[in-house]
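Thanks for coming. I have one structure to go through, and I will keep to what can be computed from its atoms.

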Amino acid sequence: MVAVPNLNKKRRMDRQLVTQGAEGRVYVGDWLNHSVIIKQRFSKKYRHVDLDTHITQERIKAEARALTRCRSLGIRTPAVYDPYESSEVILIDFGLSSVEERAEDKAVDLYVLERAVLSTHPNTEAFVSCCISAYKKAGSNAAEDVVKRLDEVRTRGRKKIPQKPCTSTP
Amino acid sequence: MVVAPFQVAVAANRAVRAQALGKMATRSLYTEVIFNLSTKKNIMNALKTFGMGEEDKEVLAVVLGTEEEVEDKVTKITQQINGKVVDTSELADLTQEARVQELYKVTPEELKVGSLLEAVVSRMACRDFLTL
């Protein structure tokens, strides 16, 4: 279980379900006199039990690691209080994260971000384009490679999006 | 080296759970609590850093058990220490924040997005699979 501070400060006696997704449920609750968010991962019955346990544990660890690392870099993520591995629990979908440095991985991450923003907010093509320009600016050579890779990544897959140029300076 | 009682509560919670599961890394419940305050896997090191030292002027004692056991233990402990009992609310005044920051390797960026307590507890909680 990853319990993290509940920034909305809602106090309940028991856990209260906030939301449920494909991987698990998120609750709000009290823990050691603190208001926390608890994420619990389901066990997948279609998997062999040992494999399921292993996968879930590794994802819990990876998420906790990613959250804490991001925090140390100044990214506003929840603080992990208790990644308890036995009852299938964790927080936020960082479960598939890794620390590989390859341009391909970074390009794919950018692509996922791009698609996520474009699909959830209307008229954000210019915004996304500016984000990528800013990324290039901030990262110099390595970033150039990643963005080149990003162009390649965009050509894969079924749904292709036309690119609008960045019209303002970030 | 303690920022707030919560830090110790988290360490204690983990220790009690580990004991119940038969998975303690150290030999006793209380050394386990001290060990859980550390972000390094070396037990001796943790006991040296977080355990009571010869030169220490302030001591934070942790007592675990049922309500009755705790009352009894608290009495026993206070009798053994030559000093004044102060409320845990005064703990914050005694914390050497700079030293804590150094010890837990907390970054300045992190302190902009959260408290020292959160930074410390995150590292403690993720000790077994995180090197920062």
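Some ground rules. This is a predicted model, in which local features need pLDDT of at least 70, side-chain atom pairs count only at pLDDT 80 or more, and totals for chains, interfaces and linings use all residues. Residues are numbered from 1 along each chain as its sequence is written, chains are lettered from A and ligands numbered from 1 in the order in which they are written, and side-chain values use heavy atoms, with hydrogens and water left out.

First, the interface. Chain A and chain B bury about 2,000 Å² between them, with 63% of it on carbon and sulfur atoms. Buried area here is the accessible area, with a 1.4 Å probe, that two parts lose on being put together, summed over both. Chain A puts 22 residues into the contact and chain B 24, where contact means heavy atoms within 4.5 Å.

How many salt bridges cross between chain A and chain B? The rule finds two, a salt bridge being a side-chain nitrogen of Lys or Arg within 4 Å of a carboxyl oxygen of Asp or Glu. A:D82 forms a salt bridge with B:R17, and their closest N and O atoms are 2.4 Å apart. On the side of chain A that touches chain B, helix α1 (residues 49-72) of chain A gives the most, with seven residues. Helices are DSSP runs of H or I, at least four residues, and strands are runs of E, at least two, numbered from the N terminus.

Over all chains the count is 18 salt bridges. A:E23 pairs with A:R41 in a salt bridge, the closest N and O atoms being 2.8 Å apart. A:E23 lies in the loop between β2 (16-20) and β3 (24-31) of chain A and A:R41 in strand β4 (residues 34-41), so the pair ties together parts that are 18 residues apart in sequence.

Now the helices. In chain A, the axes of α2 (residues 103-120) and α3 (residues 125-155) come within 10 Å and cross at roughly 170 degrees. Axes are lines fitted to C-alpha atoms, for helices over the stretch in contact, and angles run from 0 to 180 degrees between N-to-C directions. α2(A) and α3(A) are therefore roughly antiparallel, the word for angles over 145 degrees; under 35 is roughly parallel, 65 to 115 roughly perpendicular and the rest oblique.

In chain B, the axes of α2 (residues 29-36) and α3 (residues 43-50) come within 8 Å and cross at roughly 85 degrees. That makes α2(B) roughly perpendicular to α3(B). B:T31, B:I34 and B:F35 of α2(B) make the contact with B:I43, B:A46, B:L47 and B:F50 of α3(B).
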